[in-house]
Each structure stands twice: as C-alpha cells, then as structure tokens.
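Work through these exercises with the model open beside you. Try each task before you read its solution.

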Amino acid sequence: MSVKSKYDAHEEKKNMYMIRKLYAETMLDGNFQRWGGVDKGSGWSIKASNDYLTSLMTNSVFNKIIVADIECCLLYAKRMSDEESEAYFQDLWDRGYKYVSIDGNNTSSTVAAFLNGREKIHFLDEGGHKKTFKQLTKSEQDDVMYTEKLDVATLRQIGIEEMCTLFQRLNVSTSLNGQEHRQARWSELSQFIREVSNLPEVRTMFTNFVFQAKSLDKRSHEETVAQFTMKLCTDKNLFHKPKLDLFYETTSSLTESQKKEITMLLKIAARMAEEQGPLANRNATRLSRGQLLALLNVIQELTAGRGYKIKNTAVLFKWFIKKDYDFRQESKTVTAEDRREKSYQHWLDQFMHRQLQDRSLAKLMEAFDQVEEDWVTAGYLTKRRAGTEAFTHQQKEDLLYLQEGQTRKGEQIDLFDLYSGRLHADHVVSVRDGGPTEIWNGELMFAEDNLVKGPKSNEPHFDFQHEVFEEDEDSLEKEDENELR
C-alpha cells in the first residue's frame, strides 16, 4: 500500500514562500525527530545547506517534505478511538501548530533561513558567485519565492506511533546516530529518558561538565542517561550500544521508584554543576563520560546504598575530583597487560563495560571509607532515614556471609558487588509493615530487584531468616496457650 493511500496523503508542489510559511507552522517533535535544521547541532552544516540551495536553484533536487496535518489527524484519532494520538494532536493544536514534521525538516529550515536573510546562507549562481537572498533583485526574489520547486506530502490519517515508525523507515539510509534511532519510538521509557535529560538543570549539568551545547542536539546527553538508567535497572553485564538498543526494544517503561531515583541522582549532580559553573570557562578540562558515570555511581551508592542525604555537594565533588586525579595518575604506571585488572583510567575509558565501571566505583568507595566517619561528624552527610531503618555496612557484610554469596534467585554475589553499589540491603518484612533492621530481617539483593520490589514484604527464604520467624511463631503459640490458661 502506498503512503498516499495508507495515510490519505495530499501531495502537491510548493514554492519557497509557502515552504517558509509551512515551516513556521510546523512542530519539530523531539519525541521521535532528530533535532535537525540550520539552528540545531544535529542538522545540516552551513555548507550542506548552501549546497542544497545551489541544487534547488537549478531544479536538481528530488527529495520530499512530509508533514502530518494536525487538525485532520486529530479528527482521525477521534474516529479511530485512538486516545493517545487524540491527546497528542489536541495538545499541539492548542499550542497553535498546524503540522508535525515527519521528514524534510532540514530542507524547510534551509529554505526559511535563506528567505529570512540568515547570515552565510547562500547559493552559487551559474558564474560560481555567492548569492544571498538580499543580494537578489526584486524580480529575482519574486521568482525565487513564487516558482514552484518542492514536493510536499501532507498526511491526514496517521497516529503518533505510526509517525515514529514512518520516521525510522524513511531515515534508514540517513546518518541518524544511535541515540536518535533509539529515541524515535513512542514509549514511556524513551519519553522519560528525553524528559529527565532535558530538565533545564540537567542540561546545564551536561554543558558545564561534559559536552558542548551542540552535542545535546545530537542527544549525547540522552545516551549517557540511558546508559546510566540501564545499569541501575538491569543486571546485564555489558551495556555497549547494541545492548542499549536491546534495552530500548525490550523495556517499555520503568517503575515510579526507578524514575524517582534516577531523577534525584541527576539533580544532585546538577547541583554540583551549578556550584562549580562551566569547567570550560575556567580553562578546566571537561569530564569524560566515564568520569561523569563514575561520579553518578558514587552519588547512587551514598544515597541508595548507604542511606545518606548529601548535605554538602561541593565537598563531595572536590573529593571526587581529587581521588579521580590520583587514581588516573596511578594508572600511568600500570602495564598494558595489567590494565584491565588494575588501571582506573582503563576502567573509565571502557565505561560501557559494566564490570569495569563497577571496579572504578569499588576503588572510589574504598577511598571513601576513610573519610566517611569524619564527613558524618562534620554534617556533610546525614542519614536519609532513621538509623534503625537502614542497615549498616557491617550488617551488609554479615548478610553476604549468611547468604553464602548468593541471592534468593540463586545469583552469585561477592564483596566486590557490595562495594560497587550493585547490592541493596532489603527488609524482608518491610519497615512499613513493622519489620526491624536486624540481621534476621535483612537480605542482600541486586539494586534493580529491590527497586522493582518496592515497599512490599517478602516471605523468608534463607535459613537464618526462617529460624527467627519460626522462633517468633513458637513464641506466639506459647503466648496464646498462656492466655487460654
């Protein structure tokens, strides 16, 4: 079935004046589109725009602009009882848009920039001379604006999920980067990654610490958040790009507790970035992605793993930068043969390998153990919850021994997992249900399993848990017998 018949497409040629008007009324939706266009870092370069204009002036282009008509699609969604699409198109209509871009945004953006007199946007005439719109005579300007040159297809019957699919299909041969492909889908996961990555303070954190602003248009920050999210929410050993693709394909949504934790961790890092300001402005070296993920891992271990609230983020950041520097310097003495086992720098460089990222965290937390007590005394850290509700580090080590190095699911765990922050100490009978923070009521499990479990209670599983539960049941029976007497 052709696009025209499937989506009730209306096709016509439009002149450049009409293209500019269309562009002004069109929504470029980052929910599935790339952030392209002349003004965006993921769009055409100035040279690419100028080359396109030169071809356009000689009628040597064959691409098509494709948009969805919001009013028609809204009526179609209502008729099809597609509530999600109806809400989507209604929102855009209420915001004053008439169309949604599906393909050809770079073309429309270039045409609009040319007619608006954007600096450096020009074409080459037959003599090879650069010509901006303002340099043309009135007659030449009229000819440029009102001569029909471009094909436009307006789709009138399409839903939001189909738009995402169509965009991906149309851009198979286009140089979309990996994260643009991953985000070009309509799911709760992609929406959360997009929204939390683009919170104003989180965007500032990325530009202050890691990326130049144009990298954000290419979704580099969203990819970093997706990698961090995958590490927290799955037990995959690796999360390199093919695995990240699979994560998007197999995970439609996160739990509310997972989203809450990820948002909190990013906001803590954002507070550090606000305090420090842009590193580049002080001629300081930007953090690498590996360093940023190492910092986020430390924050996660302190908050979720050890139950602290970070009261002084500046002190923590200064400590992290110092230890990170020391460990990277130490790495210079490590031989190539030993780098996987001993080189902190190698662990940062290969941050997409989960096991190596865990090693960097374990080394940092080992150093943190030396200052933990002093920081609590100084008030840099406070317990996020009452001491009776949080297991101590010693209790966690005792649980590791009592569980004989495995979870209730039979997964092998060790001290390295504990130090890396992969394990949470959970209350078998939850605090909400009155469970105490005692060894018999504790259990180590992977962080992602604990986040999924939430505040619910579990049945006892290990012998040391059963023994106490049985004792409690015997005590209750004796109490009942005494009451009967």
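**Exercise 1. A lysine in a strand**

Is Lys149 buried or exposed? Find its place and its surroundings as well.

*Solution.* Keep in mind that this is a predicted model.

Step 1. Locate the residue. Lys149 sits in strand 7.

Step 2. Apply the cut-off. Buried means under 20% relative accessible area. Lys149 has 14%, so Lys149 is buried.

Step 3. List the contacts, leaving out residues up to four places away in sequence. Lys149 touches Lys13, Lys14, Asn15, Met16, Leu56, Met57, Asn59 and Val144.

Step 4. Compare sequence with space. Lys149 and Ile19 are 130 residues apart in sequence. Their C-alpha atoms are 9.8 Å apart.

**Exercise 2. The whole chain**

How many helices and strands does the protein chain have? What share of its residues is buried?

*Solution.* 

Step 1. Count the elements. The chain has 25 helices and 11 strands.

Step 2. Turn to burial. The chain has 485 residues, and 49% of them count as buried.

Step 3. Look at the contacts. Take those between residues at least 6 apart in sequence: 74% of them join residues at least 24 apart.

Step 4. The accessible surface is about 23900 Å², and carbon and sulfur atoms account for 48% of it.

**Exercise 3. One side of a helix**

Which residues of helix 8 are buried? Where do they lie around the axis?

*Solution.* 

Step 1. Pick out the buried residues. In helix 8 (residues 160-170) they are Ile160, Met163, Cys164, Leu166 and Phe167.

Step 2. Check their directions. These residues cover an arc of only 165° around the axis, so they are on the same side of helix 8.

Step 3. Find what they pack against. The partners are strand 3 (64-69), helix 5 (83-94), strand 4 (99-103) and strand 7 (148-155).

Step 4. Follow one residue of a partner. Phe89 is in helix 5. Its relative accessibility is 0%, so Phe89 counts as buried.

Step 5. Beyond four places in sequence, the residues Phe89 touches are Ile70, Cys73, Leu74, Val100, Ile158, Gly159 and Met163. Phe89 and Ile160 are 71 residues apart along the chain, with 8.5 Å between their C-alpha atoms.

**Exercise 4. Nonpolar cores**

Which residues have the most contacts inside the largest nonpolar core?

*Solution.* 

Step 1. In soluble globular proteins, nonpolar side chains tend to be buried together.

Step 2. Name the residues. The largest nonpolar core has 61 residues, and Met205, Phe209, Ile299, Leu316 and Trp319 have the most contacts inside it.

Step 3. Note the other core. Another core, of 24 residues, lies apart from the largest one. Among its residues are Val38, Val61, Val144 and Val152.

Step 4. Zoom in on Phe209. Leave out residues up to four places away in sequence. Phe209 then touches Ala269, Met272, Ala273, Gln276, Leu279, Arg286, Leu287, Leu292, Leu295 and Phe317.

**Exercise 5. Salt bridges**

How many salt bridges does the structure hold?

*Solution.* 

Step 1. The structure holds 22 salt bridges.

Step 2. Take Glu301 and Arg306. Their side chains meet at 3.3 Å, N to O. Glu301 is buried at 2%. Arg306 is buried at 5%.

Step 3. Take Glu25 and Lys21. This bridge spans 3.1 Å, N to O. Glu25 is buried at 18%, while Lys21 is partly exposed at 46%.

Step 4. Take Lys322 and Asp326. Their bridge spans 2.7 Å, N to O. Lys322 is partly exposed at 47%, and Asp326 is partly exposed at 22%. The two are four residues apart in helix 17 (residues 313-331), so about one helical turn separates them.

Step 5. Look for shared partners. Salt bridges join Glu301, Arg306, Asp369 and Glu372 into one network.

**Exercise 6. A buried glutamine**

Which residues are in contact with Gln291, beyond its neighbours within four places in sequence?

*Solution.* 

Step 1. Gln291 is in helix 16 (residues 289-305). Its relative accessible area is 9%, so Gln291 is buried.

Step 2. List the contacts. They are Arg286, Phe320, Asp324, Arg328 and Leu348.

Notes
Residues numbered from 1 in each chain as written. Predicted model: local features only at pLDDT ≥ 70, side-chain atom pairs only at ≥ 80, totals over all residues. Heavy atoms only, no water. Buried < 20%, exposed > 50% of the residue type's maximum accessible area, 1.4 Å probe, protein only. Contact = heavy atoms within 4.5 Å. Areas by Shrake-Rupley, 256 points an atom, 1.4 Å probe, with all protein chains shown as cover. Salt bridge = Lys/Arg side-chain N within 4 Å of Asp/Glu carboxyl O. Arc of directions from axis to C-beta. Core = buried A, V, L, I, M, F, W, Y, C linked by side-chain atoms within 4.5 Å.
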